[in-house]
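Please look over the structure below. A short report on its helices, core and contacts follows.

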Amino acid sequence: MPAVIDKALDFINGMNTSVSVPHPMDESTTKGLLKYLKELGVPASAADVTARGNREGWNAGFTQKVAGWADKIAAGDRVIVKNPEYFTAYMREQLRAQVCVDESQTS
């Protein structure tokens, strides 16, 4: 798994993953993360999300919800981010930096 996807999943892992339905702030952040990964050309798959969720002990409903968003976004389907301000510039910078690390390791 590319480091950038791993980093995005680290951000998600810091949320309340013990609930079946993400808090609206967590939902917006997660969708923002997943959409940005797609923009960077490294979309997260449902398998990536499910593997991390299982490994970290996320609630099954939470994992299924996030994996569904990952699939929709990777497929180019429309996903609405109700509060885009929760996906911060700091997160963008961290993900963009990981893309650079991934690219330098494959060169």
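Does Lys31 count as buried or exposed, and what is its relative accessibility? Lys31 counts as buried because its relative accessibility is 7%. Buried means under 20% relative accessible area, exposed means over 50%, and partly exposed lies in between, with a 1.4 Å probe and protein chains only.

This is a predicted model, in which local features need pLDDT of at least 70 and side-chain atom pairs count only at pLDDT 80 or more, while totals for chains, interfaces and linings use all residues. Residues are numbered from 1 along each chain as its sequence is written, and side-chain values use heavy atoms, with hydrogens and water left out.

**Lys31 and its helix**

Lys31 sits in helix α2. Helices here are DSSP runs (H or I, at least four residues), numbered from the N terminus. Leaving aside neighbours within four places in sequence, Lys31 is in contact with Trp69, Ile73, Val79, Ile80 and Val81. Contact means heavy atoms within 4.5 Å. Tyr90 is 59 residues from Lys31 along the chain, and their C-alpha atoms are separated by 16 Å.

Helix α2 spans residues 24–39, and helix α4 spans residues 60–74. Their axes come within 10 Å and cross at roughly 35°. Axes are lines fitted to C-alpha atoms, for helices over the stretch in contact, and angles run from 0 to 180 degrees between N-to-C directions. The crossing of α2 and α4 is right-handed: the near helix is turned clockwise from the far one by less than a right angle. From α2, Glu27, Thr30, Lys31, Leu34, Lys35 and Lys38 take part, and they meet Val66, Trp69, Ala70, Ile73 and Ala74 of α4. By class, this contact has 6 nonpolar, 1 polar and 4 charged residues. Ala, Val, Leu, Ile, Met, Phe, Trp, Tyr, Cys and Pro count as nonpolar, Asp, Glu, Lys and Arg as charged, and the others, Gly among them, as polar.

| α1 (residues 3–13) | Val4, Ile5, Ala8, Leu9, Phe11, Ile12 | 150° |

The arc is that of the directions from the helix axis to the C-beta atoms. Just after α3, Gly57 takes a positive phi of about 80°.

Thr63 belongs to helix α4. Its relative accessibility is 6%, so Thr63 counts as buried. Not counting residues up to four places away in sequence, Thr63 touches Val49, Thr50, Gly53 and Trp58.

**The core**

In soluble globular proteins, nonpolar side chains tend to be buried together. Here the largest nonpolar core has 27 residues. Such a core is a set of buried Ala, Val, Leu, Ile, Met, Phe, Trp, Tyr and Cys residues joined through side-chain atoms within 4.5 Å. Ile12, Leu33, Leu34 and Leu95 have the most contacts inside this core. Helices α1, α2, α3, α4 and α5 each give two or more residues to this core. Leaving aside neighbours within four places in sequence, Leu95 is in contact with residues including Val4, Phe11, Leu33 and Phe87.

**A loop residue**

Asn83 lies in the loop between α4 and α5 (89–106). At 25% relative accessibility, Asn83 counts as partly exposed.
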